[in-house]
Amino acid sequence: MADPELVDVVVIGLGVGGEEVAGRLAEAGLTVVGVERDLVGGECPYWGCVPSKMMIRAANAIAEARRVDGLAGTAEVRPDWAPVAKRIREEATDTWDDTVAVRRFTGKGGRFVRGSARLDGPGRVRVGERVFQARHGIVLGTGTRPSVPPVDGLADTPYWTNRQAIEVEELPESLLVLGGGAIGLELAQVFARFGVRVTVVEALDRVLAVEESEASEVAAAALRADGVEIHTGVRAQRVAHDGRGFTLYAAGGAEFTAERLLVVTGRRAHLDELGLDTVGVDAGRRYLTVDDRLHVTEGIWAVGDVTGEGAFTHVAMYQAGIVVADVLAHARRADAGPDPSGTAHATGGASGTTGVGGAAGAVPRADYRALPRVTFTDPEVGAVGLTEAQARERGVNVQVGLARLPSSARGWIHKAGNEGFVKLVADADQGVLIGATSVGPAGGEVLSGLAVAVHAAVPIARLRQMIYAYPTFHRAIEDALRDMS
Ligand SMILES: Cc1cc2nc3c(=O)[nH]c(=O)nc-3n(C[C@H](O)[C@H](O)[C@H](O)COP(=O)(O)OP(=O)(O)OC[C@H]3O[C@@H](n4cnc5c(N)ncnc54)[C@H](O)[C@@H]3O)c2cc1C
């Protein structure tokens, strides 16, 4: 066996979170080895956020053109998938080639290793025959992969996950979507707007089940208006493929057929592949357990989807900032020698006395109270913090307010495509918002003000004194506040 190579930090998995951590630590002057077995950048730029939002941009242009009738004359729309596929191939993914991303990382001073890495005892990482000994730490940014339910027959069929749906060059005539969560609904609406006959099958009693029930209703109605068939409360029992198409057999006898089947029933971390047993960490959990500095165990941090703290790119980036600060604080302390006062760890504020760069100072702690999330259907479903049901489960003295967009000035002016609402969830005892949902043509953008209110715990009395520009969609926040009184 080769002698271990001594480095400062090894980052396993260079997705959104891992690439950010590895690049910033390298820029700060540490010797950083970044290991990636697939494409540097991870799911988001190649099979996730970026290409799916390009598809949505195109599909929404079609929907807007169809709204010309009745607003501004007539428009004839002939959807064509070719420019969408070309844009994803050429502009978003370089035909699924990460040369630019690898250069971006090595350009910051990082050392790139292509391969599958696993832990090999404290401080050690193995990639094939190579072993690295990390002086200051190891960061796990290994993300998730699609979680495919144990439906009889499914594994033997050529079903799609998000990857095949994003890479598709020619659209099928019909598509069954198994799973009515955010990814399922976004893709279902896109394909329907391009003329695919789409059916969504969801086991729970509503789509977007983690969001407010009013959001589920608006989203389902919007997709149905686009021609999507939605079946909720339907549990898939068996799947068959006959070479030309799929049949999904559901409990209760219902059958659904389509040329293609897209399985989007969630994602899961594969902890069993990481060698966690060699460092005494339980690999039997669904996600890695981390503290508020993303610490897994001595010398190991985690970042991104693998932590299970909301599978979003903005969470991975947010966590990356904390991991970078904490690893640098550890590195400075290690380089400075024992801390006689014993206070450095408690404050996270060891001063920069070594060659390790980057700003010294208190390491922020992760706080997900005001975690924003957006489902990019049309209308968009933006939400932050707790839903009404979650707040009630926690025993909060809940107060809610709701305002519908069509009856707001801007919604009425907007007319076609104006569905949506703003819903506020308040802690009546504290007098602050603890959650909010904003559904509408710009639901994700309207969310920003609500996220500030939850994040900064702005007193509701102050929100009521604010001036809301007329006639914006976000003025519905003022209406919802009034509804709460
Ligand atoms: C269709 C779709 C749409 C999405 N849209 C949005 C959106 O609009 N907004 C949003 O915020 N989020 C969105 N997401 C979620 C977002 O893509 C993820 O939250 C984000 O990619 C998580 O980043 P990550 O670094 O944790 O993991 P990943 O991006 O999954 O990267 C992990 C990397 O680790 C590598 N790896 C794993 N194990 C090893 C190993 N042992 N050795 C070496 N390498 C390894 C993998 O190959 C992968 O490249 C979407 C996801 C999907 C699927």
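The structure is a predicted model, and the values below are computed from its atoms. Around the ligand there are 36 residues, while H7 spans residues 182-193 and is mostly covered.

**The shell around the ligand**

- Among the 36 residues around the ligand, those that come nearest are Glu36, Lys53, Ala117, Asp305 and Thr313.
- Several elements each supply at least two residues of the shell, namely helix H1 (16-27), strand S2 (32-36), helix H2 (43-47), helix H3 (49-66) and helix H9 (313-336).

**Polar contacts and cover**

- Lys53 places a polar side-chain atom 2.8 Å from an oxygen atom of the ligand.
- The backbone also takes part, for a backbone N or O atom of Phe312 lies 3.2 Å from a ligand oxygen atom, and a polar backbone atom of Gly141 is 3.5 Å from an oxygen atom of the ligand.
- On its own the ligand has 1,000 Å² of accessible area, and the protein covers 92% of that area.

**Helix H7**

- Helix H7 has twelve residues and reaches 17 Å from its first C-alpha to its last, which is close to the 16 Å expected at 1.5 Å a residue.
- Ten of the twelve residues in H7 are buried, including Leu185, Leu187, Val190 and Phe191, and the charged residues Glu186 and Arg193 are buried as well.
- Just after H7 comes Gly195, which takes a positive phi of about 95 degrees.

Definitions and conventions. Residues numbered from 1 in each chain as written. Predicted model: local features only at pLDDT ≥ 70, side-chain atom pairs only at ≥ 80, totals over all residues. Heavy atoms only, no water. Near = heavy atom within 4 Å. Polar contact = N/O pair within 3.5 Å; in protein donor to acceptor, adjacent residues only side chain to side chain. Areas by Shrake-Rupley, 256 points an atom, 1.4 Å probe, with all protein chains shown as cover. Helix = DSSP H or I, 4+ residues; strand = E, 2+ residues; numbered from the N terminus. Expected span 1.5 Å × (residues − 1). Buried < 20%, exposed > 50% of the residue type's maximum accessible area, 1.4 Å probe, protein only.
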